[in-house]
Amino acid sequence: MAGQEGFVEADNAEAIIARIEHKSRKIESLLKQSKPIEALKTALEGSPPNTRDERCKSANWIVVHRALMAVKDMDALFSSLDPEYYDILMKYLYRGLATGDRPTCDQCLRVHDKLTQRAGLGCILRSLTDTVNTV
């Protein structure tokens with residue numbers, strides 16, 4: 001049976017996981033170079049994975065989380081982050097808050113505050129009402 005248009009079938013999940021692993025290696029390299037903002041941008045590229053496969057979504061969340069936790073300078077983040085990534089970042093912030101992990105929640109709330117100031121309430125509404133592009 002065919003999946004929803006635009007989404008890949010589960011048998012292509014391995015290819016998506018391979019791309020996420022490649023992205024993860026690139027992010028680790030950027031973090032070692034003390035470039036957390038570039039790492040987060042890289043993590044957000046191609047997100048969310050074009051699949052409903054939870055393994056892919058979880059693998060991508062781990063990559064985004066790793067980069068997100070390394071960002072310290074929120075002003076620098078939002079002065080260089082392209083607005084096209086605001087809505088997807090907001091989705092990942094809510095995923096992070098859902099973990100209940102204290103350091104993750106603290107970081108997500110810091111980013112959420114700055115993101116809401118920058119992108120407005122519409123960003124929150126779009127991320128909560130978009131049920132197609134889930135993270």
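Guide: The axes of H1 and H3 come within 9 Å of each other and cross at roughly 10°, where axes are lines fitted to C-alpha atoms, for helices over the stretch in contact, and angles run from 0 to 180 degrees between N-to-C directions. That makes H1 roughly parallel to H3, since angles under 35 degrees count as roughly parallel, over 145 as roughly antiparallel, 65 to 115 as roughly perpendicular and the rest as oblique. The contact (heavy atoms within 4.5 Å) involves, among others, Glu 14, Ile 17, Ile 20, Lys 23 and Ile 27 of H1, together with residues of H3 including Arg 55, Ala 59, Asn 60 and Val 63. Helices (H or I, at least four residues) and strands (E, at least two) are DSSP runs, numbered from the N terminus.

This is a predicted model, in which local features need pLDDT of at least 70 and side-chain atom pairs count only at pLDDT 80 or more, while totals for chains, interfaces and linings use all residues. Residues are numbered from 1 along each chain as its sequence is written, and side-chain values use heavy atoms, with hydrogens and water left out.

Side chains of opposite charge can pair when their charged atoms come close. Arg 55 and Glu 14 form a salt bridge with an N to O distance of 2.9 Å, the term meaning a side-chain nitrogen of Lys or Arg within 4 Å of a carboxyl oxygen of Asp or Glu. This pair links distant parts of the chain, with Arg 55 in helix H3 (residues 54–70) and Glu 14 in helix H1 (residues 13–32), 41 residues apart. Arg 55 is partly exposed at 45% relative accessible area, and Glu 14 is also partly exposed at 48%; buried means under 20%, exposed over 50%, and partly exposed in between (1.4 Å probe, protein chains only).

Asp 53 forms a salt bridge with Arg 55 as well, their closest N and O atoms being 3.0 Å apart, and Asp 53 is buried, with a relative accessible area of 13%.

Lys 23, which lies in helix H1, is buried at 12% relative accessibility, yet has no salt bridge, and the nearest side chain of opposite charge, Glu 45, is 7.0 Å away. For charge, Lys and Arg count as positive and Asp and Glu as negative, while His and the chain ends are not counted. A polar atom of the Lys 23 side chain does, however, lie 2.9 Å from the backbone oxygen of Glu 45. Not counting residues up to four places away in sequence, Lys 23 touches Thr 42, Ala 43, Glu 45, Ser 47, Asn 60 and Val 63. The C-alpha atoms of Lys 23 and Val 63 are separated by 7.8 Å, although these residues are 40 residues apart along the chain.

Terms used. Polar contact = N/O pair within 3.5 Å; in protein donor to acceptor, adjacent residues only side chain to side chain.
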